[in-house]
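Colleague: I'd like to learn how to read helix packing from a model. Could you walk me through one?

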Amino acid sequence: MISEIGFRLSETKRFLSAVVGSSEGRFFLFSYFMNILVLAFLVMIGMSAILYALFEGMVLNRRELAFKYSLLVTMLITVPLATMPFFSFKDVVDRFVQLITRRRLFTYLSPHVFYRPTINGNISLHLAKAHEILAEKYTIVINKPQAADKISRLLAISIGHSIRDAVKFSKVQVEKGVMRADQQIVGATYGYLFGAAKSKLRLRRYHPAFISRLLSGVFYRFGALHAVYMYFIINDRLPPSFDPVYFIASVGDVVGNRK
């Protein structure tokens with residue numbers, strides 16, 4: 001019987017083989033790599049500006065810049081691949097914030113739906129994490145070997161139930177005054193998750209301002225690796241598209257239409 005760690009590594013190996021072995025996967029890898037170059041460039045600009053401001057005009061020379069840039073690109077490629085089967089950096093940040101402030105950064109509405117309040121009072125909604133989907137898949141494989149051909153359906157049902165539970169709990173949060181009916185729900189996800197959540201959470205597509213979409217798109221496309229990986233875990237194939245989908249809704253729309 002395979003251990004859970006071995007199972008996670010095996011699923012990751014199958015995913016990498018599927019990505020490298022298909023034209024769609026190689027196109028995704030190319031787009032992902034180009035996005036990492038842009039993201040690393042933006043991070044380097046920010047770091048250089050901070051060093052310049054804090055250390056009286058300190059400027060790194062070209063060799064130092066090239067080395068730090070290549071190191072950053074390498075980290076942005078390898079760290080997500082090495083960590084996403086086992087944990088989420090959102091969990092790490094959440095625990096760190098809790099340690100410092102005694103408050104959680106994220107509020108969980110259900111096992112696969114969670115949010116954080118934004119500075120302007122909106123709700124930033126997040127859907128599912130790959131390592132938790134992997135844990136569910138491993139449980140099904142071990143406890144229900146006869147359901148091996150139904151794993152995708154069982155995982156999809158689990159996510160659907162989690163979204164419905166999130167709607168029910170949101171209604172309780174509104175009744176307690178923790179959430180307000182007029183609060184806006186904003187965020188971005190990927191096509192397959194948007195399709196699963198659209199009707200249950202009353203999400204609507206929207207297009208942010210060009211500059212906002214340009215900057216946030218770099219970070220959301222960095223997260224596309226996690227999303228593609230999770231899709232593969234659920235469906236044993238790569239998704240048909242990799243671009244982020246921006247959505248908006250109101251808490252009142254979500255809980256008010258619940259039957």
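This is a predicted model: local features need pLDDT of at least 70, side-chain atom pairs count only at pLDDT 80 or more; totals for chains, interfaces and linings use all residues.

Colleague: Let's start with α2. How far apart are its end C-alpha atoms, and what should the helix span?

Modeller: Helix α2 covers residues 23-54, and at 1.5 Å a residue its 32 residues should span 46 Å. Its end C-alpha atoms are 46 Å apart, so the two agree.

Colleague: Which residues of α2 are buried?

Modeller: First the general idea: an α-helix has 3.6 residues a turn, so residues three or four places apart point the same way. In α2 the buried residues are Gly 25, Phe 28, Tyr 32, Asn 35, Ile 36, Leu 39, Ala 40 and Met 44. The cover over them includes α1 (4-20), α3 (62-83), α8 (210-222) and α9 (224-235).

Colleague: And how do I describe the way α2 and α3 pack?

Modeller: Two packed helices are described by the angle between their axes and the distance between the axes. For α2 and α3 the angle is about 130° and the axes are 9 Å apart. The two helices are therefore oblique to each other, and their crossing is right-handed. On the α2 side, the contact residues include Tyr 32, Ile 36, Leu 39, Ala 40 and Met 44, while those on α3 include Leu 65, Tyr 69, Leu 72 and Leu 76. By class, this contact has 16 nonpolar residues, one polar and one charged.

Colleague: What about α6 and α9: at what angle do they pack?

Modeller: About 125°, with the axes of α6 and α9 7 Å apart. That makes α6 oblique to α9. Ser 152, Leu 155 and Ile 159 of α6 meet Ile 233, Ile 234 and Asn 235 of α9. Sorted by class, the contact of α6 with α9 has four nonpolar, two polar and no charged residues.

Colleague: Now single residues. Where does Val 172 lie?

Modeller: Val 172 lies in α6, residues 151-176. Its relative accessible area is 32%, so Val 172 is partly exposed. Val 255 is 83 residues away along the chain, yet the C-alpha atoms of Val 172 and Val 255 are separated by 9.1 Å.

Colleague: And Glu 132, what does it touch?

Modeller: Leaving out residues up to four places away in sequence, Glu 132 touches Pro 111 and His 112. Glu 132 is in helix α5, residues 130-143, and counts as partly exposed at 23% relative accessibility. From Glu 132 to Phe 87 is 45 residues in sequence and 8.2 Å in space, C-alpha to C-alpha.

Notes. Residues are numbered from 1 along each chain as its sequence is written. Side-chain values use heavy atoms; hydrogens and water are left out. Helices (H or I, at least four residues) and strands (E, at least two) are DSSP runs, numbered from the N terminus. The expected span of a helix is 1.5 Å times one less than its number of residues. Buried means under 20% relative accessible area, exposed over 50%, partly exposed in between (1.4 Å probe, protein chains only). Contact means heavy atoms within 4.5 Å. Axes are lines fitted to C-alpha atoms, for helices over the stretch in contact, and angles run from 0 to 180 degrees between N-to-C directions. Angles under 35 degrees count as roughly parallel, over 145 as roughly antiparallel, 65 to 115 as roughly perpendicular and the rest as oblique. A crossing is left-handed if the near helix is turned anticlockwise from the far one by less than a right angle, and right-handed if clockwise. Ala, Val, Leu, Ile, Met, Phe, Trp, Tyr, Cys and Pro count as nonpolar, Asp, Glu, Lys and Arg as charged, and the others, Gly among them, as polar.
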